[in-house]
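Please take a look at the sequence and structure first.

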There are 2 protein chains.
Amino acid sequence: MLRTPVAEALGAASAASEIRIGGWVRTRRDAKGFSFLELNDGSCLGNIQCIVDEGTAAWDKLEGVNTGACVAVTGELVESPGKGQKWEVRAKDMTVFGLADPETFPLQKKRHSDEFLRTIAHLRSRTNKYGAAFRIRAEAAHAVHDFFYQNGFYYVHTPILTGSDCEGAGEMFRVTTLPLNTPVKPGENPYAQDFFGKECSLTVSGQLEAEALALGLGKVYTFGPTFRAENSNTPRHAAEFWMIEPEVAFTDINDNMDLAESLTCFVINRVLERRADDMDLFDRFVDKGLVDRLKGMVAQPFARCSYREAIDILKASGKNFEYPAKFGLDLQTEHERFLAEEHFKRPVAVYDYPKEIKAFYMRQNDDRETVAAMDVLVPRIGELIGGSQREERLDVLESRIREMNQDPANYWWYLDLRRFGSVPHSGFGMGFERLVMMLTGISNIRDALPFPRTPGSLEF
Amino acid sequence: MLRTPVAEALGAASAASEIRIGGWVRTRRDAKGFSFLELNDGSCLGNIQCIVDEGTAAWDKLEGVNTGACVAVTGELVESPGKGQKWEVRAKDMTVFGLADPETFPLQKKRHSDEFLRTIAHLRSRTNKYGAAFRIRAEAAHAVHDFFYQNGFYYVHTPILTGSDCEGAGEMFRVTTLPLNTPVKPGENPYAQDFFGKECSLTVSGQLEAEALALGLGKVYTFGPTFRAENSNTPRHAAEFWMIEPEVAFTDINDNMDLAESLTCFVINRVLERRADDMDLFDRFVDKGLVDRLKGMVAQPFARCSYREAIDILKASGKNFEYPAKFGLDLQTEHERFLAEEHFKRPVAVYDYPKEIKAFYMRQNDDRETVAAMDVLVPRIGELIGGSQREERLDVLESRIREMNQDPANYWWYLDLRRFGSVPHSGFGMGFERLVMMLTGISNIRDALPFPRTPGSLEF
């Protein structure tokens with residue numbers, strides 16, 4: 001007999017004489033002549049209550065069935081007289097798959113700290129909070145794919161292993177098959193014997209390759225893992241994280257900001273609509289006001305202001321920032337949050353940054369001082385999205401590469417895109433964990449993905 | 001004025017007085033008083049024909065506009081008198097974004113070899129074949145996500161960076177931030193100074209972590225990159241490839257085969273339905289009979305046979321195989337293809353393999369000789385999917401780990417899944433590039449993904 005997911009059973013249109021539910025026992029309560037088992041199977045936040053009456057075949061199998069045990073109950077789906085649930089299961093028989101010794105099972109019925117749960121990341125998806133977080137994460141990921149699919153984008157897989165160190169910001173991990181103590185001889189390529197015959201790293205961005213594909217397929221996006229070997233232990237940084245990077249031919253910086261806004265709103269709406277129960281948990285127990293804040297974000301257009309205006313706003317704010325707000329310096333998280341949370345009170349796209357603080361591939365504006373970069377800043381998070389119109393002019397791009405004291409020859413294929421059928425195009429990167437944090441109110445990136453990788457931390 | 005994708009223009013319901021098309025010139029033909037430009041923008045296989053008449057503003061901008069140039073044409077969408085297309089554009093004005101010097105642009109209007117196109121992978125999405133391949137790839141990826149979403153699975157991201165070398169088959173890449181010539185001192189942990197304080201590798205499978213999540217969320221799947229540092233230069237192996245790995249609680253090996261079959265058929269149907277034009281290209285020019293073969297695959301249930309039966313079939317075949325077919329030996333590609341192509345003439349799921357040739361985590365059958373493993377073999381490809389029911393019994397799993405002369409303590413969290421609320425569960429891995437090869441008839445994995453990584457090859 002097929003198992004009915006709890007989500008389906010709880011939403012049933014009518015009673016059923018025969019149903020089979022599989023799940024993990026969240027609580028067991030015994031009374032005279034019967035027992036209550038609350039079963040959760042991960043299909044949704046809610047548990048289904050199963051009543052096991054004395055005298056049934058199920059009753060005879062109750063021994064040792066406690067919090068954490070995995071069972072399948074067969075019985076009747078009936079209207080529940082209790083409040084808070086519409087349906088419950090009147091058990092006839094039960095299969096006990098696996099018990100969980102109360103002496104050693106770490107997830108007893110009580111609140112556990114996030115720190116503790118990180119040490120048992122292999123079990124934390126069995127808690128309400130992390131089950132909800134990972135369901136919301138999955139919903140958001142699907143929304144991302146649907147958004148781009150509906151808008152005529154092609155999903156592309158750009159390489160994770162890269163031989164170029166020219167992807168811009170970020171320390172990179174090296175990838176090798178050579179032993180650790182491989183001698184380096186002067187004048188020889190030390191990587192000659194390595195798998196690829198040259199130095200190989202983990203990508204920090206699929207942008208450059210996505211540009212190549214956008215200039216053939218028109219509209220593309222990547223959604224894959226990226227890596228930073230930065231030794232920073234903050235609640236916002238992980239060594240491995242997932243990033244969404246659309247790249248679109250025939251678009252400029254304004255189209256790019258439109259796209260960023262549409263994508264963000266689409267995902268918020270989808271998650272609010274389809275994971276209301278899980279969102280309610282975060283709204284009540286993790287970040288009060290979360291749902292209203294998200295609804296507010298999609299209720300009106302995002303603000304837009306130039307970097308220059310942003311600096312003026314920050315200067316005039318009277319706020320005592322830790323870092324100075326000054327033209328030519330990058331915005332810090334405190335600045336970004338002030339702009340989104342206090343000044344605009346909604347997401348804001350800041351554009352036209354000084355070229356000195358931005359990457360070489362961003363399109364130079366006519367003022368020769370700024371580039372057509374844009375960041376989307378959101379309340380609580382700061383930077384959610386960073387993007388730009390790309391420099392499509394061969395001569396300007398080559399000058400920028402030389403200004404970095406690099407050899408344009410190393411960028412031969414990237415420059416080819418400007419040599420042959422060049423076109424204005426733009427794109428951005430959205431950190432998927434940052435998006436999940438924004439959607440859930442989770443404040444530490446380690447809790448926004450199932451098995452976080454941070455300096456010194458590689459368990460599971 | 002907004003750009004209309006060529007796919008949309010070609011499928012227009014009615015003429016339009018004003019339309020703007022952006023794209024790359026595939027061909028230009030000049031006649032007296034007018035020119036034809038065939039524009040492709042990657043949105044579909046088809047080009048749209050633009051007629052530029054003498055005397056228009058567009059005419060004055062034609063100089064240097066040749067194959068490979070990128071332009072935007074504005075004009076009228078009118079019914080085409082020519083055959084083969086319903087609509088064409090009568091150009092009024094044109095913007096020339098980027099030219100392509102015929103002396104140096106490598107994609108002239110002629111057939112290029114796959115080998116040559118691999119050397120210009122940054123441009124090959126501008127060809128008919130690779131544009132089609134990458135659109136089909138994107139369609140297949142979206143179909144995978146839709147299939148699982150519709151069936152109540154949650155998409156999870158398992159880690160790419162891993163500290164365990166226990167994931168089973170396959171040479172692994174090491175990931176490090178230490179310099180190449182780091183001295184190794186006896187008795188010291190050489191990785192103490194490394195980013196994670198221990199040895200780190202690139203994952204060969206997300207299965208073990210997916211199992212942990214399935215035992216909380218019920219039904220999950222991964223879809224991400226995996227890596228093999230195997231120095232094999234074959235048309236079927238890449239160092240970096242994408243894999244789909246569902247993992248489902250409360251299921252056995254038969255459910256697992258059902259799932260593999262449903263997924264495969266769903267993707268085939270979706271791609272045939274939604275990318276008919278691109279599939280037609282492969283059917284005509286790459287692999288004649290492809291579409292009929294795929295339709296045949298979904299028209300009847302996949303065959304199923306035990307490994308033991310498969311060996312008997314191979315022995316009785318009278319075929320002169322290069323490798324022997326004998327109980328206890330793994331099936332080779334030649335065997336797999338014989339079974340699918342010649343014997344069953346359709347996909348076949350082979351199950352219950354000898355335990356010696358399969359991984360430790362596969363569930364031991366009652367015969368103590370075989371495990372509940374299954375492979376789905378398909379014509380032309382051989383193994384498309386490999387999976388198993390997982391060993392859910394703590395004592396059996398621990399014995400298997402000891403049989404490998406390994407310490408169960410290294411598997412503490414994986415064994416925890418059997419200690420606390422264990423349950424029968426199963427899953428499989430489907431190589432996404434193999435799927436793309438099956439869908440398109442592409443015979444070399446290097447051509448089934450945009451920027452392939454193979455031994456010695458790390459360009460782009």
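**How the copies meet**

Of the interface residues of chain B, 100% are also interface residues in chain A, so the copies meet through the same surface; contact here means heavy atoms within 4.5 Å. This is a predicted model, in which local features need pLDDT of at least 70 and side-chain atom pairs count only at pLDDT 80 or more, while totals for chains, interfaces and linings use all residues. Residues are numbered from 1 along each chain as its sequence is written, chains are lettered from A in the order in which they are written, and side-chain values use heavy atoms, leaving out hydrogens and water.

**Symmetry**

- Chain B superposes on chain A by a rotation of 180 degrees with 0.0 Å of shift along its axis, at an RMSD of 0.0 Å (least squares on the C-alpha atoms of residues with pLDDT of at least 70 in both).
- The two copies are thus related as by a two-fold rotation axis.

**Domains of chain A**

- An automatic or database assignment gives chain A domain 1 (6-98) and domain 2 (128-182 + 190-447).
- Taken over C-alpha atoms, the centres of domain 1 and domain 2 of chain A are 45 Å apart.
- Five residues from domain 1 of chain A and seven residues from domain 2 of chain A take part in their contact.

**Where the domains touch**

- Between domain 1 and domain 2 of chain A, about 450 Å² is buried, with carbon and sulfur atoms giving 45% (accessible area, 1.4 Å probe, lost on putting the two parts together, summed over both).
- A:Arg26, A:Cys44 and A:Leu45 supply 82% of the area that domain 1 of chain A buries against domain 2 of chain A, more than any other three residues.
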